[in-house]
Amino acid sequence: MENRAVTQIKTTYGDVRGHERDGVVEILGIPFASAPRFAPPQPPAPWRGAIDGDEFGPASLQPPGDVFMAVDLPQAEECLSLNVWTPACDDRSRPVLVWIHGGGFRQGGGSHLLTGGTHLPRRHDVVVVTCNYRLGALGFAAHPALAGDSGIAGNFGLLDQIAALEWVRDNIAAFGGDPGNVTLFGESAGGASVALLMASPRARDLFHRAVVQSGAPTAVPLERAASLVERLAGAAGLSRVEDLRELAAADVLAAQVKVEAEARRGMTFVPAVDGVVIDRPPMDAIDAGSAAGIPTIVGTNVDEVRLLGAADPHRDELDDAGLQRRVARTLGDGAADVIDVFRRERSRRGEPATPSDLWFAIESDRFFRVPAIRFADAQAAHAPTFVYLFAFPSPGLDGWLRACHVLDVPFVFGHQGRADIAWFTGAGEEADVLAGAMMAAWSSFAATGVPRVPGPVDWPAYDVSTRPTLVWDTPPRVEAAPRDAEREVVARWSGTALGV
């Protein structure tokens, strides 16, 4: 390893050493809690000496995944560590941004290649924290038989995120951060997690601003979650749910993969309305003001679902009859109406409108954008809320990916154009200017509660009548209710069910 200046910092449980490089102190792999099986996180064992924070801790156990989800690190059931990047470990009380990673609640980690935290602290004098949390069945199995002495039957992964926020509250001042000015931000399942913590009584007062990227507050009923746990036990050859506690962690993961395959969906073990961590349907909580006074940024990408469909070799072969069948399965009697509106609006804008193009556009709005806007509508009644639509296209797959899921993340962290991901983000002046604007907006929001975009753009607070939206493209611009005909027709036929 290269020689770098070393800083030693005291934390609640022991000392850690950070390493300075190019004006940023990096401290990796700090234990913030321990992870007992199907139970709330507990304080980690204190340590003597100092942990040398030069390596990420192991990620949560998870199935194999692609470059956008998985982490190339050892994995372990005992996975609860976090990472800090700061301009200096001093008394400056900087704004703190705590990142919750995505990955469908089953993959990913705080060490993901798109989210290293060096650029934001260097350019904007903020502190960045990323963390691991338990994933899949180990993090989100929920069943009354798992409640134990705590009375908590599930959402252990969300409790891990809360434990990380408690660690930030108790320790971040020693890292140059302000525990009274914490912004929670995340994307996809991480964005959904942020929104769920806004709805959770357990997370109250642990953060002060929120950024929800490609997510919305959605949780399944406990009864549905419990039936999946019973199937999990059966897949592991067990007759009692309680016996999952004694099973080897690798066998729990193997049983999870079996249940996911039977369900034909990856996002199987997800947050549930357990009555304690999530004490009621989360949109009911947001509607009632559970996150009152928390300024919030909410947004999605124009072509979210294209990333999820990229591996399908037949992705461009859909015909009109197939499109009608697919949309009817998700939007019922509204299929013809929805297809007609999307075809008309895309043709009017000069955008491709083949059956495959329409399918990806409809699903992007159904699964991501409509729930996010429903969330923004609710939160705007209780706090300043700012809405965006990310439209900058990826050059990936000869431009096929467009403004797909995850693409916003490397721009927020300043990794656009990096040699290993330039094929995905693009490189050059346009990408750099866009990343600079997004980093400035996220950092100013963390500092003040109002996102400031460099240049002449004024990002107004959202209201439900005019729907002002910051469109992240080159150049960034504000539009009133962009793509609103599509949003309206999907919302009309899907209601508020959906989720991320």
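## Terms and model

Helices (H or I, at least four residues) and strands (E, at least two) are DSSP runs, numbered from the N terminus. The structure described here is a predicted model.

## The chain as a whole

The chain contains 15 helices and 17 strands. Its C-alpha trace spans about 65 × 60 × 45 Å along the principal axes. A compact globule with 500 residues would have a radius of gyration near 23 Å, and the chain, at 22 Å, agrees with that value.

Of the 500 residues in the chain, 60% are buried. The chain exposes about 18,400 Å², and 51% of this area is supplied by carbon and sulfur atoms. Among contacts with a separation of 6 or more, 74% are between residues 24 or more positions apart.

## Helices α3 and α4

Two packed helices are described by the angle between their axes and the distance between the axes. Helix α3 covers residues 156-171 and helix α4 covers residues 189-199; their axes come within 11 Å and cross at roughly 75°. Angles of 65 to 115 degrees count as roughly perpendicular, so α3 is roughly perpendicular to α4.

On the α3 side, the contact is made by Leu158, Gln161, Ile162 and Leu165. On the α4 side, Ser193, Leu196 and Leu197 take part. Sorted by class, the contact of α3 with α4 has five nonpolar residues, two polar residues and no charged residues.

## Two residues with positive phi

Alanine 481 is not a glycine either, and its phi is positive at about 50°. This residue lies in the loop between β17 and α15 (484-494). Is alanine 481 buried or partly exposed? Buried means under 20% relative accessible area; alanine 481 has 22%, so it is partly exposed.

## A cis peptide bond

The peptide bond from threonine 474 to proline 475 is cis, and its omega is near -5°. Where is proline 475 placed? Proline 475 is in the loop between β16 (468-472) and β17 (477-480).

Definitions and conventions:
Residues are numbered from 1 along each chain as its sequence is written. This is a predicted model: local features need pLDDT of at least 70, side-chain atom pairs count only at pLDDT 80 or more; totals for chains, interfaces and linings use all residues. Side-chain values use heavy atoms; hydrogens and water are left out. Axes are lines fitted to C-alpha atoms, for helices over the stretch in contact, and angles run from 0 to 180 degrees between N-to-C directions. Angles under 35 degrees count as roughly parallel, over 145 as roughly antiparallel, 65 to 115 as roughly perpendicular and the rest as oblique. Contact means heavy atoms within 4.5 Å. Ala, Val, Leu, Ile, Met, Phe, Trp, Tyr, Cys and Pro count as nonpolar, Asp, Glu, Lys and Arg as charged, and the others, Gly among them, as polar. The radius of gyration is taken over C-alpha atoms; the globule rule is 2.2 Å times the number of residues to the power 0.38. Buried means under 20% relative accessible area, exposed over 50%, partly exposed in between (1.4 Å probe, protein chains only). Accessible areas come from the Shrake-Rupley method with a 1.4 Å probe; for residues, only the protein chains shown count as cover.
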